[in-house]
Number of protein chains: 2
Amino acid sequence: MTTDAKAKAGLEDVVAASSAICYLDGDRGILAYHGHDIHDLVRAASFEDVCYLLWHGRLPNRGELGDLQSQLAAARPLGEPILRLMKQLPASDGMDTLRTLTSALGHYDPDASDNSPQANDRKAVRLTAQLASLVATYGRLQAGGGPIQPDPALGHAANFLYMLTGNRPDALSTRAFDVALVLHADHELNASTFAARVAAATLTDMHSAIVAAIGTLKGPLHGGANADVMRLLIEIGEDSTPDRIDDAIRARLAKKIKIPGFGHRVYRTEDPRATHLRRMSKELGERVGNTRWYAMSQRIETLVKGEKKLNANVDFYSASTYYTLGIPIDLFTPIFAVSRIAGWTAHCLEQYSNNRLIRPRTDYIGPPYPQMVLPVEQR
Amino acid sequence: MTTDAKAKAGLEDVVAASSAICYLDGDRGILAYHGHDIHDLVRAASFEDVCYLLWHGRLPNRGELGDLQSQLAAARPLGEPILRLMKQLPASDGMDTLRTLTSALGHYDPDASDNSPQANDRKAVRLTAQLASLVATYGRLQAGGGPIQPDPALGHAANFLYMLTGNRPDALSTRAFDVALVLHADHELNASTFAARVAAATLTDMHSAIVAAIGTLKGPLHGGANADVMRLLIEIGEDSTPDRIDDAIRARLAKKIKIPGFGHRVYRTEDPRATHLRRMSKELGERVGNTRWYAMSQRIETLVKGEKKLNANVDFYSASTYYTLGIPIDLFTPIFAVSRIAGWTAHCLEQYSNNRLIRPRTDYIGPPYPQMVLPVEQR
């Protein structure tokens with residue numbers, strides 16, 4: 001070993017990169033993209049604004065935003081080979097499909113083997129447009145419908161819901177989904193973004209780095225948690241009384257079963273993203289005349305906070321928000337990717353612009369060196 | 001920030017995990033798998049022995065080795081949907097194809113969604129068998145042939161060469177390829193293995209973690225270097241005089257162009273793997289009656305060592321070794337994966353067995369917080 005340091009489990013609080021993209025203060029509960037507070041962005045910026053901000057370090061003016069919207073619209077239609085592949089793969093899991101199809105996109109991308117800054121800027125836009133088309137079309141096929149062509153007149157959030165359902169969404173649904181996209185767009189060195197940077201630091205191509213991120217996001221300790229939250233709510237049962245809900249949660253806590261959607265490596269306060277998703281869950285529930293998922297979530301939040309001192313994180317209220325929007329559970333984690341692709345690509349661009357291979361060491365805890373090697377006949 | 005530490009560029013010498021798998025002493029030039037020195041393993045162990053060692057922490061006895069060989073043989077045939085997909089994808093790059101097809105394997109794996117230790121042991125064997133079949137079959141199709149069914153009577157190295165070429169290889173070729181597989185099987189927290197562990201630490205499935213590793217290995221600062229070495233040798237030209245070789249290298253050094261295959265983040269000595277690949281390159285060259293690639297490599301090694309004090313690494317002599325074996329350049333990096341899958345899966349198993357989410361922090365260097373967020377009309 002060249003170092004006598006011990007492993008810091010999970011690299012907790014270890015600084016692994018310098019970055020201008022995300023300002024994250026877990027003690028004060030602050031999340032900001034290039035210094036722009038997430039609460040201000042939710043109020044005054046769209047997901048497309050946030051993409052531009054993450055990639056270029058500042059919000060776009062009207063002309064720049066219009067250009068980006070045109071580029072995204074132009075990149076949205078999926079090619080025939082990609083649609084064929086989607087139909088042909090056994091659709092076991094939305095994240096598996098997204099991983100394989102995003103990898104396949106790399107075979108058809110005109111800039112696939114061009115790692116120049118210009119090509120990578122184009123790929124960031126294209127991947128952002130195409131991941132949304134992949135997930136919406138996958139959801140549409142899973143529901144038994146045929147693929148819907150994107151509508152270039154719609155923004156990113158509205159077009160996603162349109163391609164998923166075949167219906168142009170109303171203002172509240174569009175707004176709720178756009179807010180969810182803004183909230184999930186970046187979160188500093190979360191595991192999937194870190195995986196993307198580890199990959200990009202070998203100077204591999206952007207599709208490879210994004211595929212690494214998708215595979216990482218799939219995990220139940222990361223993006224998979226929002227789907228687990230909804231499965232828990234459904235298991236407890238929509239018509240459960242408050243007592244029944246409390247009993248169900250207490251039984252899990254007694255058995256040391258982790259309640260998904262609570263706690264965060266970085267935040268010691270409320271997750272600032274949960275604040276908005278809680279409100280969205282409530283507003284959407286009131287609109288459709290069913291606030292039971294919201295009420296159940298609130299009850300669980302109060303109980304877990306009281307018993308375990310854990311705050312709800314971004315995954316907890318995104319579950320009931322998406323479900324009330326009529327989105328099937330298998331799409332929850334893929335939708336996380338539809339938003340986080342903005343941050344993943346921004347981190348790739350930043351890594352490429354000032355690169356060094358990311359190659360840490362282990363603390364060796366195996367058998368003493370050297371062990372004897374006998375030929376197989378003598379073992 | 002919860003920490004005032006500065007980023008250590010590329011996590012150099014930072015300990016990111018405890019591990020019993022690989023003992024790596026860069027100052028003394030020691031590489032050992034579970035304490036077994038790589039030089040001893042090259043002498044007395046096959047790739048299948050090394051797989052067992054990496055997964056189980058000790059070398060197999062005759063019965064255990066036989067069982068593993070049977071399991072690998074049983075897992076080698078590729079399913080019809082995978083072969084169809086391979087034929088249908090535009091074959092732009094071997095690593096792109098390997099990434100997409102390994103991801104597709106996850107859709108068909110009977111244990112895909114089972115993250116139990118037993119299922120993961122089975123997936124490690126299956127992925128090791130199937131990556132070899134994917135790469136050999138891809139190479140065969142690229143050369144215009146039809147897929148060759150694996151021969152269960154052959155070991156892993158011999159069967160790979162058979163599926164690639166359609167001819168049962170002789171003893172020297174089999175031995176050279178087996179040694180190359182043993183040498184590349186693991187190397188502690190190299191970038192692709194680290195990417196696999198970052199992914200696995202979210203408790204994502206093994207296919208997702210391996211796909212992350214493949215995308216990472218593709219980079220020219222990692223697995224892509226062996227192909228770059230051969231492209232350089234060919235560019236200089238097989239018939240070049242020693243002076244012409246020196247001129248070509250000096251011209252690159254003068255322009256600060258990196259010579260691929262030299263230097264290593266960890267080793268301060270000769271890379272112990274280079275020792276064996278140098279010998280293999282020579283022996284294979286002598287056998288086919290063409291030692292010019294070997295001689296050119298040696299000349300370049302002497303020059304770069306003299307001028308830049310850099311040692312040849314694992315990639316430098318693997319280039320001429322593979323080329324002399326008749327393997328096309330586009331397969332060099334995929335073949336790295338055919339070996340490293342043993343280490344990747346071993347590290348996944350170790351990560352799953354004692355897991356903590358890998359989630360470091362950044363050192364924020366962006367604009368001061370908070371930046372003003374104006375609506376687009378006012379920007």
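Q: Which residue of chain B forms a salt bridge with Glu188(A)?
A: A salt bridge here is a side-chain nitrogen of Lys or Arg within 4 Å of a carboxyl oxygen of Asp or Glu. This is a predicted model, in which local features need pLDDT of at least 70, side-chain atom pairs count only at pLDDT 80 or more, and totals for chains, interfaces and linings use all residues. Residues are numbered from 1 along each chain as its sequence is written, chains are lettered from A and ligands numbered from 1 in the order in which they are written, and side-chain values use heavy atoms, leaving out hydrogens and water. With the closest N and O atoms 2.6 Å apart, the partner of Glu188(A) is Arg359(B).

Q: Which helix of chain A gives the most to the side that touches chain B?
A: Between the two chains there are 11 salt bridges. They also share 61 residue pairs in polar contact, both residues being at pLDDT 80 or more; such a contact is a pair of N or O atoms within 3.5 Å, where within protein one must be able to donate a hydrogen and the other to accept it, and residues adjacent in sequence count only if both atoms are side-chain atoms. Helices (H or I, at least four residues) and strands (E, at least two) are DSSP runs numbered from the N terminus. Giving nine residues to this side of chain A, the answer is helix 5 (residues 94-108).

Q: What share of the area buried between chain A and chain B do carbon and sulfur atoms give?
A: Contact (heavy atoms within 4.5 Å) links 107 residues of chain A with 106 residues of chain B. Buried area is the accessible area (1.4 Å probe) that two parts lose on being put together, summed over both. Here that area is about 9500 Å², and the part from carbon and sulfur atoms is 58%.

Q: Which residue is the bridge partner of Ser18(A) in strand 5 of chain B?
A: Two strands pair if DSSP finds at least two bridges between them. Strand 1 (residues 15-19) of chain A and strand 5 of chain B pair in the parallel sense over four bridges. Strand 5 (residues 361-364) is covered on both faces, with Arg361(B) and Asp363(B) buried on one side and Thr362(B) and Tyr364(B) buried on the other. Within this strand, the partner of Ser18(A) is Asp363(B).

Q: Is His347(A) buried or exposed?
A: His347(A) lies in helix 16 (residues 332-353) of chain A. Not counting residues up to four places away in sequence, His347(A) touches several others, including Asp186(A), Glu188(A) and Arg197(A). Buried means under 20% relative accessible area, exposed over 50%, and partly exposed in between (1.4 Å probe, protein chains only). At 0% relative accessibility, His347(A) is therefore buried.

Q: Which side chain does a polar contact of 2.9 Å join to that of His156(B)?
A: His156(B) lies in helix 7 (residues 156-165) of chain B and is buried, with a relative accessible area of 2%. Leaving aside neighbours within four places in sequence, its contacts include Phe47(B), Glu48(B) and Val338(B). The side chain at the other end of the 2.9 Å polar contact is that of Arg76(B).
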